[in-house]
Amino acid sequence: MSLLPQELKAQFQDMGLPGYRAGQVFRWLGRGVRSFEQMSDLPKPLREQLAAAYDLPALTLLRRQVSRQDGTEKYLWALPDGESVETVFMRYKHGNTVCISSQVGCRMGCAFCASTIGGKVRDLAPSEMLGEVIFSGLAAGAPVGGIVLMGIGEPLDNYDNVMRFLRLVNDPAGANIGMRHISLSTCGLVEQIDKLAAEHLQLTLSVSLHAPDDETRSKLMPVNARYGVDELYAACERYFAATGRRVSFEYAMVRDVNDTPRHAQMLVRRLRGTGSHVNLIRLNYVSERGLLPSPEQTVRDFVKRLEDGGVTVTVRRRLGSDIDAACGQLRRGEMRRA
Ligand code: SAH
């Protein structure tokens, strides 16, 4: 069920039920109940009536892995139709963050990413994404403070469901997670970036850039054939103008592909003076992909060149890499591989 409290209330009223029951049900859903039966403050006949009228497709935990390095947890969930996706729970000093998937598989085809192997199977429903947040908190036994839409799938390729999920998870009667604690990452779908800009949300938009020029980016990301680097930068500028929030750029460093001094220079030329932030990710190894991470020293040199050029840069921590929970390592169908 992906209904917002007001919508649930309207449906309840159509069924002749008092509106306040909708609030009760919504709160129960936010606490991760798996059936109407568990909603103990509703009269039994009402629980039965609702169970007949609505599906509650809760996620079922198939496997939980805990990183020995840093306590990051990864969950494999079964969805009601037998498909599966992964979610990662990360502990930071400033709070816990879940990294959720937005699709079963992905059709973007990036050359370095495990999530796109096998293509896209289907979009996740808003309630399934909400389920990832709620059930991850329950599995970890700890509160969820923030969300990153950086798991399997391209969130802007599932636009309407992702927007509805954001409203659900943001609702004060439910998980109540503020937009400023949510980041959304996209491979760079320009039209959808413009659409998102018009929503004026206070979330953080991250763009997977991975190369400063069309030649290199096209080798890594098929989406670049649709929207080239110039077009993508222009969309990011429009996004900033519309929302007042700067886009941050993700850049996975791939040995001998996008990590040379020439690439650093091109990136500096593009970003200097824009206040944009670059988040470098040392490529995480994906066995099928044949690409290698840049050596540590190359990453350090690249960072220095960006900093000297006046571009702010951070290197992303590789949380959970021992359980294949790091960026680009999530996949559907783990069950089959195991
Ligand atoms: N589809 C969205 C959401 C994925 S977010 C997007 O493309 O942004 C996951 C981030 O990890 C993206 O920046 C993605 O490009 C990056 N990534 C994918 N595979 C990776 C790998 N093997 N190593 C490091 N980062 C990777």
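The legends below describe close-up views of a predicted model.

**View 1**

**View 1**
Strand β2 (residues 73-78) and strand β3 (residues 84-92) run antiparallel and are joined by 6 bridges. Opposite Ala78 stands Ser84 of β3.

**View 2. Strand β10 and its burial.**
Strand β10 spans residues 248-253. Of its 6 residues, 6 are buried, so the strand is largely enclosed by the rest of the structure. In a regular strand, side chains alternate between the two faces of the sheet. In β10, Ser248, Glu250 and Ala252 point one way. Phe249, Tyr251 and Met253 point the other way. The residues of both sets are buried.

**View 3. The parallel neighbours of β10.**
Strand β9 (residues 204-208) runs parallel to β10, and 3 bridges join the two. Val207 has Phe249 of β10 as its bridge partner. Strand β11 (residues 277-282) is also parallel to β10 and is joined to it by 6 bridges. Phe249 stands opposite Val278 of β11. From β10 the chain crosses through helix α9 (residues 261-271) to β11, in a right-handed β-α-β crossover. Glu250 has Asn279 of β11 as its bridge partner.

The pairing of β11 and β12 is parallel and takes in 4 bridges. Val278 has Val313 of β12 as its bridge partner. A right-handed β-α-β unit is made by β11, helix α10 (residues 296-308) and β12.

**View 4. The surroundings of the ligand.**
The ligand is surrounded by 20 residues. The closest are Phe112, Ser185, Ser208, His210 and Asn284. A nitrogen atom of the ligand lies 2.9 Å from a backbone N or O atom of Phe112. A polar backbone atom of Gly153 is 3.0 Å from a nitrogen atom of the ligand.

**View 5. Gln103 in strand β5.**
Gln103 is located in strand β5 (residues 103-105). The relative accessible area of Gln103 is 0%; values under 20% count as buried, so this residue is buried. The side chains of Gln103 and Asp157 are joined by a polar contact of 3.1 Å. Leaving aside residues up to four places away in sequence, Gln103 touches Val85, Lys120, Arg122, Asp123, Leu124, Ile152, Gly153, Glu154, Asp157 and Asn158. One of these, Gly153, has a polar backbone atom 3.0 Å from a nitrogen atom of the ligand.

**View 6. Lys9 in helix α1.**
Lys9 is located in helix α1 (residues 5-14). With a relative accessible area of 40%, Lys9 is partly exposed. Lys9 touches Gly19 and Ala22, when residues up to four places away in sequence are not counted. Lys9 and Pro295 are 286 residues apart along the chain, and their C-alpha atoms are separated by 56 Å.

Definitions and conventions. Residues numbered from 1 in each chain as written. Predicted model: local features only at pLDDT ≥ 70, side-chain atom pairs only at ≥ 80, totals over all residues. Heavy atoms only, no water. Pairing = 2+ DSSP bridges. Buried < 20%, exposed > 50% of the residue type's maximum accessible area, 1.4 Å probe, protein only. Right-handed = clockwise from strand over helix to strand, strands pointing away. Near = heavy atom within 4 Å. Polar contact = N/O pair within 3.5 Å; in protein donor to acceptor, adjacent residues only side chain to side chain. Contact = heavy atoms within 4.5 Å.
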